[in-house]
Amino acid sequence: MTEPSGDVLLEITDLSLEFRTYRGPIKALNGVSLNVRAGEIVGIVGESGCGKSVTMMAATRLLPKGAAHITGGGIRLFGSDPMKLSERELQHVRGRQVSTIFQEPMNALNPTRRIGEQIVEVIRRHQRLDNAAATSKASGLLRDMLISEPERIMQAYPFELSGGMRQRVLIAMAFSCEPRLIIADEPTTALDVTVQALILGLIKHKATSTGTAVVFISHDMAVVSQLCDRLYVLYAGRVAEAGTTASVLAAPAHPYTRALIRCLPGLAPPKQPLEQIPGTLPDLLDPPAGCLFRARCREADDRCVSVPPLAAIEPARRAACWRRIEETQAA
Amino acid sequence: MSLISTILRRLVLLVFVVAGVAIITFTISHLIPGDPAQLIAGDKASAQTLAHVRQELGLDKPVTQQFVIYVKQLLSGDLGQSLRTRRPVAGDIALFLPATLELGIAALVMAIMIGVPLGVLSAIYKDGPVDQAARVVSVAGISMPVFWFGLALILLFYVKIPILPGSGRITLGIAAPPRITGFFLVDSLVAGDLKAFWSSLYHLILPAFVLAFANLGIITRQIRASMLDVLQEDYVRTARANGLSRSAVILRHALPNALIPSVTLLGLAFGDLLYGAVLTETIFAWPGMGSYVVSSIQTLDFPAIMGFTIVASLGYVLINLAVDLTYMVLDPQIRELG
């Protein structure tokens, strides 16, 4: 198994980031490394608070100014450092080259403006189209999202649409300027299960047909496994494991990944009770030394008091667990 | 609910409000101790003269009968005759009200034009120098009494640095424009009299600013608070994530939504301005409703007081209607769902 060979669109190296609060700095990211190549669908999985969204919002610099501070490592988005871009340069990257679909479709559209105006505004911001051309482009995009009467939807206000419909509008908006990369931040979490499959299908189909790379953020291993070529498992602001979806699911290397998979009906081994992971995420205000999963890990031993590096255990497969690293070295 | 049905429904309600106000003001003004006939006829009038005056004014009739007469007159649009000026109250109000409205509207426009941008800037640059300065201005505006601030400004800009007039609506010697609306600014423009227009404008600056200043602070704080709320909203993040310019994010996405909760406040502010006008008019010798009402109260001029109260409450109801209609324009959810 080799790494996909497209251009690297996003490369995050050893990124550490903290939120400064009155109680002290919260170390949200502790050396996250990941990359996304053109045309691939990459999943980022982990439980709430593990740093999935923060990583991607740091990459597009959407984190609230003043609160988040990068304390180490670097980001390269389309070959340049987003932290060094001016606000203006950044505006031409956002929406045009990378766009984001957020979790909450209910509030992600401006309640006082018509759907059509909002899509057309984004299109005309980045493309030289007149109003009529942009409007017809918007209606085509909505049709691609299997919306049968795009003209009627474009005249509507967000409150007149269901959550699933709004999310389709937001996906259409995200694809409207043919970006090279789309960040889908839990796009189906707030939706009915029945709508989830449709939305996932729409994203996957549109991305594959346009060759757009997607970073798919989710806490749901089952969803990620359906959609993604590769995945990163994040735990407490660190990458626990990375590899192709098939290889990770077939033989999860990190105890945390294994536990995540065993939690899920469908992915868990048949005829066994589903597991739950004991304990909670460590306090990131005052993280314990060593492997951050240690307190919840069944396999933890003396080695785990020092931080395991994210080491290659197979080609295109990395894990941050001393046990796996030793097994690899032994083999 | 459509715009028209809202308006109609409110106009029906208006009748009840006015009826209630008429009953209350009539009752209160007749419970106040004091004899208007005595005030008109003077201290030394004979009992006969007093009786004559009472009869002439209808004050000798039983109170209930006086009320019936008053309501009958009201229904025909007649607010009665002022005991003091001996002119119809409706005519007096028509004469003095435009001056007050002109002052109030000018003050409201000023308060909005300064308060809204200041509030927006304070929210965007939260805790920055602009925000701190705006906070000082707001607290000063809210806490400084109109009579003190008005006199201070007159002292500064009329006495020490004489660049602005300190009293009246127009320079002595310049003829007031022919009366059409009663608004000097409008009438002088209609008449093409630029000299009168500029003179009226200069006279308006100080009193309007004094009146605006108190509400300026409230408007600034409200806009700042609702902007801070709206800037946290997901749709503002969507707009930023889509690479919209800073000005588009703020002016097209954040501000219109931040204005919605402020509309009520603007309606209340306008009511406040008309009420605050009483003091301001006194300080700046502005010939408006304020001075008229004060004189009417001093002479127990019941018809004038009641007439003014009814017109004022009518104004309040209409302002509230305007507020609701503005909501419908700004917020599609209210417009389409009602």
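## Ala22 of chain B

Ala22(B) is found in helix H1 of chain B, which covers residues 3-31; helices here are DSSP runs of H or I with at least four residues, strands are runs of E with at least two, and both are numbered from the N terminus. This is a predicted model, in which local features need pLDDT of at least 70, side-chain atom pairs count only at pLDDT 80 or more, and totals for chains, interfaces and linings use all residues. Residues are numbered from 1 along each chain as its sequence is written, chains are lettered from A and ligands numbered from 1 in the order in which they are written, and side-chain values use heavy atoms, with hydrogens and water left out.

Ala22(B) has a relative accessible area of 3% and is therefore buried (under 20% is buried, over 50% exposed, and in between partly exposed, with a 1.4 Å probe and protein chains only). Not counting residues up to four places away in sequence, Ala22(B) touches Phe67(B), Leu74(B) and Ile310(B), where contact means heavy atoms within 4.5 Å. Ala22(B) and Phe67(B) are 45 residues apart in sequence, with their C-alpha atoms 9.2 Å apart in space.

## Ile69 of chain B

Helix H4 of chain B, residues 63-75, holds Ile69(B). With a relative accessible area of 35%, Ile69(B) is partly exposed. From C-alpha to C-alpha, Ile69(B) and Gly58(B) are 9.4 Å apart in space, and they are 11 residues apart in sequence.

## Chain A: record and two helices

For residues 10-261 of chain A, an unreviewed UniProt entry lists "domain: ABC transporter"; UniProt positions follow the numbering used here, feature names are shortened, and annotations may be inferred rather than shown by experiment. Over residues 10-261, chain A is 39% helix and 27% strand, and the end C-alpha atoms are 27 Å apart.

Helix H1 of chain A (residues 52-59) is mostly covered, with seven of its eight residues buried. Among the buried residues of H1(A) are Lys52(A), Met56(A) and Met57(A). Arg61(A), which follows H1(A), has a positive phi near 55°.

Thr245(A) belongs to helix H9 of chain A, residues 245-250. Its relative accessible area is 5%, so Thr245(A) is buried. The side chain of Thr245(A) reaches the backbone oxygen of Cys228(A) at 2.6 Å. Leaving aside neighbours within four places in sequence, Thr245(A) is in contact with residues including Val224(A), Asp229(A) and Leu231(A).

## Where chains A and B meet

Between the two chains, 28 residues of chain A are in contact with 22 residues of chain B. The area buried between chain A and chain B is about 2300 Å², and carbon and sulfur atoms give 54% of it; buried area is the accessible area (1.4 Å probe) that two parts lose on being put together, summed over both. In chain A, Thr112(A), Glu121(A) and Phe159(A) lose the most area to chain B, together 24% of what that side buries.

One salt bridge is counted between chain A and chain B, a salt bridge being a side-chain nitrogen of Lys or Arg within 4 Å of a carboxyl oxygen of Asp or Glu. Glu121(A) forms a salt bridge with Arg252(B), with the closest N and O atoms 2.7 Å apart. The elements giving two or more residues to the side of chain A that touches chain B are strand S5 (98-101), helix H3 (115-126) and helix H6 (163-175) of chain A. H3(A) gives the most to that side, with four residues.

Note on methods
A polar contact is a pair of N or O atoms within 3.5 Å; within protein, one must be able to donate a hydrogen and the other to accept it, and residues adjacent in sequence count only if both atoms are side-chain atoms.
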